[in-house]
Amino acid sequence: MSGYTDGASVADYAKNAFAWAVETGAVSGTSAMTLSPNGTATRAQIAVILSRYGQSGK
């Protein structure tokens, strides 16, 4: 998550999960430089995350 300018803004309780999601590609950020961990996710974004998670085989 160090590649994102707002990676340090991820809440302590979510750091491991966010790191895993970024590492596996389930989450790729809202731009090349931001994750927007304090924002809200749209239905479309959640659908993409769930689809990527399902394709990861984990």
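Which residues lie nearest the centre of the largest pocket? Select F18, V27, L35, A41 and I49: they are the ones nearest that centre. Keep in mind that this is a predicted model.

**Stop 1: the pocket**

Now extend the selection to the whole lining, which comprises 20 residues. The volume of this largest pocket is about 470 Å³. Two elements, α1 and α2 (43-56), each give two or more residues to the lining. Colour α2 on its own: with five residues, α2 gives the most.

**Stop 2: helix α1**

Select residues 15-24, which form α1. Which residues of this helix are buried? They are F18, A21 and V22. Look down the axis. These three sit on the same side of α1, because they cover an arc of only 95 degrees around the axis. The general rule is that an α-helix has 3.6 residues a turn, so residues three or four places apart point the same way.

Step just past the end of α1 to G25, where phi is positive, at about 90 degrees.

**Stop 3: the nonpolar core**

Select Y4, V10, A14, F18, A21, V22, A26, V27 and L35. These nine residues make up the largest nonpolar core. The buried residues of α1, F18, A21 and V22, are all on that list. Zoom in on A21. Beyond its neighbours within four places in sequence, A21 contacts A26 and V27. F18, V27 and L35 belong to this core and were also among the residues nearest the pocket centre.

**Stop 4: the loop between α1 and α2**

Go to S36, in the loop between α1 and α2. Is S36 buried, partly exposed or exposed? S36 counts as partly exposed, because its relative accessibility is 33%. Check its backbone too: phi is positive, about 55 degrees, although S36 is not a glycine. As background, most residues other than glycine have a negative phi.

Finish on P37, in the loop between α1 and α2. What does P37 touch, not counting residues up to four places away in sequence? Show D6, S9, V10 and F18. Of these, V10 and F18 are members of the largest nonpolar core. Last, draw a distance from P37 to T5. They are 32 residues apart along the chain, and their C-alpha atoms are separated by 11 Å.

Notes: Residues numbered from 1 in each chain as written. Predicted model: local features only at pLDDT ≥ 70, side-chain atom pairs only at ≥ 80, totals over all residues. Heavy atoms only, no water. Core = buried A, V, L, I, M, F, W, Y, C linked by side-chain atoms within 4.5 Å. Buried < 20%, exposed > 50% of the residue type's maximum accessible area, 1.4 Å probe, protein only. Contact = heavy atoms within 4.5 Å. Helix = DSSP H or I, 4+ residues; strand = E, 2+ residues; numbered from the N terminus. Arc of directions from axis to C-beta. 1 Å grid on protein atoms, 1.4 Å probe; cavity = no way out; pocket = protein on both sides within 12 Å on 5 of 7 lines; lining within 4 Å. Points joined across faces, edges and corners; volume = space filled by probe spheres on them.
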